[in-house]
Amino acid sequence: MAMYLDSRQGPRLMPMDLSRTPDSYVLSADLPGVDPASVDIDVDGRLLSIRAERPAPSTEGVTYLSRERRTGTFLRRFTLGENVDTTGITAGYDNGVLTVTVPVAEKAKPRKIEVGVTAKPAAKKVVTAA
């Protein structure tokens, strides 16, 4: 579930991409100007919550002609499937992009099944007495 509300009502939506590799799901969220210390990531059962804060700059003595950069609280929530390893979730922040990696559980990873060849029993020779 994602939320988008204006700053007077509550959290804002953070733009993100979600992709899958054979071993994990990777979420990349744009959070430029956000202090990484303000990012809070929680897992509660199957609910993953990501919250971040971008404070408004001081407006004392400033008259804005245009103001498009959003400030306030940003929030995304996701319900995780049963096929992920919630204990192995990791996160990193680089150049304004938060990356959260959610590993796929071993039991849910694609695996190759080898086809074995069953040996045929040797044909029996019939010996006749002459």
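User: Where is the place of Thr79, in which strand?

Analyst: Thr79 sits in strand S5, residues 72-79; a strand here is a DSSP run of E with at least two residues, numbered from the N terminus. This is a predicted model, in which local features need pLDDT of at least 70, side-chain atom pairs count only at pLDDT 80 or more, and totals for chains, interfaces and linings use all residues. Residues are numbered from 1 along each chain as its sequence is written, and side-chain values use heavy atoms, with hydrogens and water left out.

User: Why is Thr79 called exposed?

Analyst: Its relative accessible area is 66%, and exposed means over 50%, buried under 20% and partly exposed in between, with a 1.4 Å probe and protein chains only. So Thr79 is exposed.

User: What is Thr79 in contact with, leaving aside neighbours within four places in sequence?

Analyst: Thr79 is in contact with Arg46 and Leu47, contact being heavy atoms within 4.5 Å.

User: And why does Ser24 count as buried?

Analyst: Ser24, which belongs to strand S2 (residues 24-30), has 9% relative accessibility, so it counts as buried. Not counting residues up to four places away in sequence, Ser24 touches Ser19, Thr101, Val102, Pro103 and Val104.

User: What makes S6 and S7 a pair?

Analyst: Pairing takes at least two bridges found by DSSP. Five bridges join S6 to S7 (residues 97-103), so these antiparallel strands pair. Ala91 stands opposite Val100 in S7.

User: Why do S1 and S6 stand at the edges?

Analyst: The open sheet of four strands has the order S1-S2-S7-S6, with antiparallel pairing. S1 (16-20) and S6 (90-94) each have a single partner strand, so one side of each is left without a neighbour in the sheet.
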